Every structure is written in structure tokens, then in C-alpha cells.
Amino acid sequence: MEFTLLWAALAGAGGLYGALWWMGRRDTTVCVRDLWEIAITAGAVGLAVGRVVAMLRGGVNPFTHLGDLLLVRAGVDTVAATVAALLVAAWLARRDLFDQLDALAPAAVVGLAGWHAGCLFRDACLGTPSSLPWAWAQPGSDITRHPVELYAALGLLLGGWLLFRFRLRYPAAGVVAGLSLASAGLMRLATEPLRPSLLAGPVWWYAAAIAIGLGTAVVATRRGSARVGDDPTPLQ
């Protein structure tokens, strides 16, 4: 049995939990256990939904081929998985939606960085040809290529750290969650030209993530400013 995809998934989960642990040590308002439960539940549901959608698109009936649900390496619809995971996370955090998502979002970005870094387990890091000093070749090939998945991992790791720092300085509810969604879409879109098949990924979904994320951050910023402006001035 082939376990490379499992190791990559564990790298993502490890990055997520490690980021939550690190954030919890520096911000006492972060409840690591609650956020981890939200994230792992949303991820599991998203994975299941993505697998079912991939089976349906491939013409496989999930009710008559229940065993195929476990063959995750056979294909997962990433768009369906992402949308399902976001909806489940929002539902689980509904009692304190924006504050919970703001706390979880930077760690989720780091978790996504871990998933991309998991390309080292799957031997799937390389993109277009490059002669840069850090480029390398696939076994049996003389053509060196960009380690594009590692570019994405480093960019997302830096983004998660900056988003956490930003949340400490600007805690307006919803802003960090929106910026996190936008940063994830931006990093995938920015690295798309270096992938083996140009524009083969769900480029429009990356663009949509950027637009929705920035729109959410703008609306949250205005709401936060309006609340500050509506605060009554104490009588002198």
C-alpha cells in the first residue's frame, strides 16, 4: 500500500497543530483544544465530501462502491473539499464565529504550508525547468526544475506568521479570517505559472478566494470602525 499521500496529510495536520500550540503560548485568548477540534472535524468532512464528488465525477456510484471511499489517493475534488471544510468550520464556530475563525485562520494557513511541504514525501515538488542554484531534477532526468511546492510552502508559512502578528495588533473580528483566505488564494495563484501545466489548477477559484477574502476583510474593518465611532463619549 502506498502511504506517501498520508505522510503529506500528516505534515499538514502537524503544521496546523504546531501553529496552534505556538499561538496559544503567545496569546492566552487562543483555546488550542477547541480550535484543533474545529479544524480536524472540518478537514475530515471536507476530505470525505471531496472524495465523494471525485467519485461522482468519475462515474463511480459511492453507494455501490463504499470501499472506494477509502481510496483517497485515487482522487479528491479539492474545490468541493475546501468549500465543505470552510462551511463546517463556520458552523462549528457559529457561537463566536469571527473571533474563532480569526484565531484559527493563521494556523490553517500554516497547515496548508505543511501540506505543500509534504511534496517531499510524494516526490511531487517540482514545476517548470529552471537553472537556479536551488533547482533540482527528478531521478533519471537531467532537467532541473523549480521546487514550486516548496515556494508555496514558504510563502504560506510566512503568511501565517504575519497574519498572527497582525491579529495581535488589529483584533477587529473577521479581518484576519478574510485576509487568510485571500493570502491562500494569492499564494496558489502566484505559483501557478511555475507549475508543470500552466493554468491547469482551479485558477478561477483562487481568484474567487482572493476577492471574497479581501471583501470580507474590508467589510469587517468598516464594521469595526463603525462600532468604535458609535461608542458613547463619557460625560465630563
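## The disulfide

C125 is buried, at a relative accessible area of 4%. Its partner is C119: a disulfide joins the two, with 1.9 Å from S to S. C119 counts as buried too, at 0% relative accessibility. The link of C119 and C125 is right-handed, with 90° about the S-S bond. Keep in mind that this is a predicted model.

How many disulfides are there by the distance rule? The count comes to one. As for C31, that residue is partly exposed, with a relative accessible area of 34%.

## Helix α3 and its buried side

Now to helix α3, which runs over residues 78-92. The helix has 15 residues and reaches 21 Å from first C-alpha to last, close to the 21 Å expected at 1.5 Å a residue. Its buried residues are A80, A81, A84, A85, V88 and A89. They cover an arc of only 155° around the axis, so they sit on the same side of α3. What do the buried residues of α3 pack against? They pack against α2 (32-57) and α4 (97-117).

## D77 at the start of α3

D77 caps the N-terminal end of α3, with a side-chain oxygen 3.3 Å from the backbone nitrogen of V79. D77 also has a salt bridge: its side chain meets that of R57 at 2.6 Å, N to O. Because D77 lies in the loop between α2 and α3 while R57 is in helix α2, the pair ties together parts that are 20 residues apart in sequence.

## H116 and its contacts

H116 is found in helix α4 and is buried, with a relative accessible area of 1%. Its side chain joins that of E149 through a polar contact of 2.5 Å. Setting aside neighbours within four places in sequence, H116 is in contact with E149, A152, A153, L156, R188 and R195. Two of those names, E149 and R195, come back in the next section.

## The salt-bridge network

The structure holds five salt bridges. Which residues are linked in a network of them? They are E149, E192 and R195.

Take E149 and R195 to begin with: their closest N and O atoms are 2.3 Å apart in a salt bridge. This pair links distant parts of the chain, with E149 in helix α6 (residues 148-169) and R195 in the loop between α7 (175-191) and α8 (203-230), 46 residues apart. E149 is buried, at a relative accessible area of 11%, and R195 counts as buried at 8% relative accessibility.

R195 forms a salt bridge with E192 as well, the closest N and O atoms being 3.7 Å apart. Both R195 and E192 are buried. So why does the 3.7 Å pair count as a salt bridge? Because the cut-off is a side-chain nitrogen of Lys or Arg within 4 Å of a carboxyl oxygen of Asp or Glu.

## A look at V45

Back in helix α2, there is V45. V45 counts as partly exposed, at 31% relative accessibility. How far apart are V45 and G140 in sequence and in space? They are 95 residues apart in sequence and 39 Å apart in space, going C-alpha to C-alpha.

Key. Residues numbered from 1 in each chain as written. Predicted model: local features only at pLDDT ≥ 70, side-chain atom pairs only at ≥ 80, totals over all residues. Heavy atoms only, no water. Disulfide = S-S within 2.5 Å. Buried < 20%, exposed > 50% of the residue type's maximum accessible area, 1.4 Å probe, protein only. Helix = DSSP H or I, 4+ residues; strand = E, 2+ residues; numbered from the N terminus. Expected span 1.5 Å × (residues − 1). Arc of directions from axis to C-beta. Contact = heavy atoms within 4.5 Å. Polar contact = N/O pair within 3.5 Å; in protein donor to acceptor, adjacent residues only side chain to side chain.
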